[in-house]
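Here's a quick, friendly briefing for anyone opening this structure for the first time. Have a look at the sequence and the 3D view, then read on.

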Amino acid sequence: MANIAGDWDVTVNSPMGAQKIKVTAKAEGSTLTGKLSGAMGSTPISNGVSNGDDFSFDAQITEPFAVSITVTGAVEGDELKGTVKTQGFGSFPMKGVRA
C-alpha cells in the first residue's frame with residue numbers, strides 16, 4: 001500500500017496547457033492535509049481524505065482566476081494519477097511523481 005504523504009511534482013493537463021504543481025501532503029490516519037504550490041500561488045488542501053492508495057481533497061485556486069477544485073486519485077509506489085474536477089470548467093487528468 002502506497003502513501004500520499006510527502007512532496008509530489010504533479011502535471012495537470014488543462015485547456016490552458018500543462019500546469020506544473022507541487023503538492024505537499026501529510027496523512028494522519030485517514031485525514032489528509034497539505035498545500036498546492038505553482039504558478040497560481042500557494043493554497044491549502046481542505047477536506048482531504050487518504051484511504052490506502054486512494055486520496056481526495058479540495059482546494060481554492062485564486063490565480064489567474066478564482067476556481068474551486070476537487071482532486072481524486074491513487075498512489076502507486078512513487079507515482080500518482082488522478083483527476084482534477086473544476087467548478088464550471090470540467091475535469092482534467094493529472095499525473096505526478098514523488099519529488
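Is Ala 5 buried, partly exposed or exposed? Ala 5 counts as partly exposed, at 28% relative accessibility; buried means under 20% relative accessible area, exposed over 50%, and partly exposed in between, with a 1.4 Å probe and protein chains only. Before going further, note that this is a predicted model: local features need pLDDT of at least 70, side-chain atom pairs count only at pLDDT 80 or more, and totals for chains, interfaces and linings use all residues. Residues are numbered from 1 along each chain as its sequence is written, and side-chain values use heavy atoms, with hydrogens and water left out.

**Around Ala 5 and Lys 26**

- Ala 5 sits in the segment before strand 1; strands here are DSSP runs (E, at least two residues), numbered from the N terminus.
- Ala 5 and Lys 26 are 21 residues apart in sequence, yet their C-alpha atoms are 4.6 Å apart in space.
- Lys 26 is partly exposed too, with 48% relative accessibility.
- Lys 26 also makes a salt bridge with Glu 28, with 3.3 Å between the closest N and O atoms; the term means a side-chain nitrogen of Lys or Arg within 4 Å of a carboxyl oxygen of Asp or Glu.
- Glu 28 is exposed, at 53% relative accessible area.

**The other salt bridges, and a polar contact**

- There are three salt bridges in the structure.
- Lys 22 and Asp 9 form one of them, and their closest N and O atoms are 3.8 Å apart.
- Lys 22 belongs to strand 2 and Asp 9 to strand 1, so this pair ties together parts that are 13 residues apart in sequence.
- Both partners are partly exposed: Lys 22 has a relative accessible area of 31%, and Asp 9 has 39%.
- Asp 78 pairs up with Arg 98 in a salt bridge, where the closest N and O atoms are 2.9 Å apart.
- Asp 78 is in the loop between strand 7 and strand 8 while Arg 98 is in strand 9, so the pair ties together parts that are 20 residues apart in sequence.
- Arg 98 is partly exposed, with a relative accessible area of 29%.
- Over in strand 1 you'll find Thr 11, which is buried at 15% relative accessible area.
- The side chains of Thr 11 and Lys 20 are joined by a polar contact of 3.2 Å (a pair of N or O atoms within 3.5 Å; within protein, one must be able to donate a hydrogen and the other to accept it, and residues adjacent in sequence count only if both atoms are side-chain atoms).

**How the strands pair up**

- Strand 2 and strand 3 (residues 31–38) run antiparallel over eight bridges; strands pair if DSSP finds at least two bridges between them.
- Lys 26 turns up again here, standing opposite Thr 33 in strand 3.
- The hairpin of strand 2 and strand 3 has two residues between the strands, and Gly 29 takes a positive phi near 65°.
- Strand 3 pairs with strand 4 (residues 41–44) in the antiparallel sense over four bridges, and the two form a hairpin with two residues between them.
- Gly 38 has Gly 41 in strand 4 as its bridge partner.
- Strand 3 is also antiparallel to strand 5, over two bridges, with Thr 31 opposite Val 49.

**Strand 6 and its neighbours**

- Strand 6 has a covered face made of Phe 55, Phe 57, Ala 59 and Ile 61, while Asp 54, Ser 56, Asp 58 and Gln 60 make up the uncovered one.
- Four bridges join strand 6 to strand 5 (residues 46–51), running antiparallel, and Ser 56 stands opposite Val 49.
- Two residues separate strand 5 from strand 6 in their hairpin, and Gly 52 in the turn has a positive phi of about 65°.
- Strand 6 and strand 7 are antiparallel over eight bridges, with Phe 57 opposite Val 71 and a hairpin of five residues joining the strands.

**The largest pocket**

- The largest pocket holds about 540 Å³ of space. The volume is the space filled by probe spheres set on grid points joined across faces, edges and corners.
- A pocket is an open set of points on a 1 Å grid over the protein atoms alone where a 1.4 Å probe fits, with protein on both sides within 12 Å along at least five of seven lines; lining residues have an atom within 4 Å of a point.
- The lining has 30 residues, and Val 12, Ser 14, Gln 19, Ile 21 and Ile 61 lie nearest the pocket's centre.
- Strand 2 gives the most to the lining, with six residues.
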